[in-house]
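Morning, everyone. One structure today, and I'll keep it quick.

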Amino acid sequence: MKIICIGRNYAKHAKELNNPLPKEPVFFFKPDTALLPKKQPFFIPNFSDDIHYEAEIVVRINRVGKNIQKKFAHKYYDEIGLGIDFTARDIQQSCKEKGLPWEKAKAFDGSAPVGQSFIPISEVKDLNNVNFKLLINGEQRQVGNTSDMVFSIDTIIEYISQFVTLKIGDLIFTGTPEGVGPVKINDHLEGFIENKKVLDLKIK
Ligand code: MG
């Protein structure tokens, strides 16, 4: 499986990192080694002094597809969850300044934990109006709503599948709203979709 992440998909987040809003979706990959085994904590890697959390709605692909038209995109997933796109912000910044790819800052082991529970699309009233939030140590840090996405889930699927075949089990991280920031040892992250707790993660 592969993990495809969308960058700069919420206007206020693009702004907080001084990035321009993209005219078409920006995507990058994380390998399967970026997933965390269930119930395992996230260990802060020693190569960065500035690991940021980015809470994101995650879509799980359930059919193989290539060149998927937007109007059929909804047939290619049936669950959403919440994930953290951990980012070594210091390394990313230096890659950006040099015009280099971001992989070192984004694709490291354990950098893409996903929540314990996924929600069937059949239980979601309106996919383009889903509230989600991230608490750290009980304090609200990020609040998002999918209506604020620059590119909707179906637009993202149409766009990516022009270039890359989507396969069963692939995960798409759909971008983070504003409020990103660093994690530190012993932080406790809790993610919610609407009022349902879907992610619980300790930082070590
Ligand atoms: Mg992200």
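Start with α2. With 3 residues, α2 gives the most to the lining of the largest cavity. Helices (H or I, at least four residues) and strands (E, at least two) are DSSP runs, numbered from the N terminus. β1 also gives two or more residues to that lining.

Ground rules. This is a predicted model, so local features need pLDDT of at least 70 and side-chain atom pairs pLDDT 80 or more, while totals for chains, interfaces and linings use all residues. Numbering runs from 1 along each chain as its sequence is written, and side-chain values use heavy atoms, without hydrogens or water.

Back to the cavities. A cavity is a set of points, on a 1 Å grid over the protein atoms alone, where a 1.4 Å probe fits but cannot get out; lining residues have an atom within 4 Å of a point. Grid points are joined across faces, edges and corners, and volume is the space filled by probe spheres set on them. How many cavities of 30 Å³ or more are there? The search finds 2.

E54 (OE), E56 (OE) and D85 (OD) coordinate the magnesium ion at 2.0 to 2.1 Å. Donors are N, O and S atoms within 2.8 Å of the metal (3.2 Å for Na, K and Ca); water is not among the atoms, so sites may look incomplete. The spacing is E-x1-E-x28-D. E54 and E56 are both buried, meaning under 20% relative accessible area (1.4 Å probe, protein chains only).

Last, packing. The largest nonpolar core has 29 residues, and F42, Y53, I84, F86 and L189 touch the most other members. Such a core is a set of buried Ala, Val, Leu, Ile, Met, Phe, Trp, Tyr and Cys residues joined through side-chain atoms within 4.5 Å. Another core, of 28 residues, lies apart from it, with I4, I68, L82 and V164 among them.

Notes: Buried < 20%, exposed > 50% of the residue type's maximum accessible area, 1.4 Å probe, protein only. 1 Å grid on protein atoms, 1.4 Å probe; cavity = no way out; pocket = protein on both sides within 12 Å on 5 of 7 lines; lining within 4 Å.
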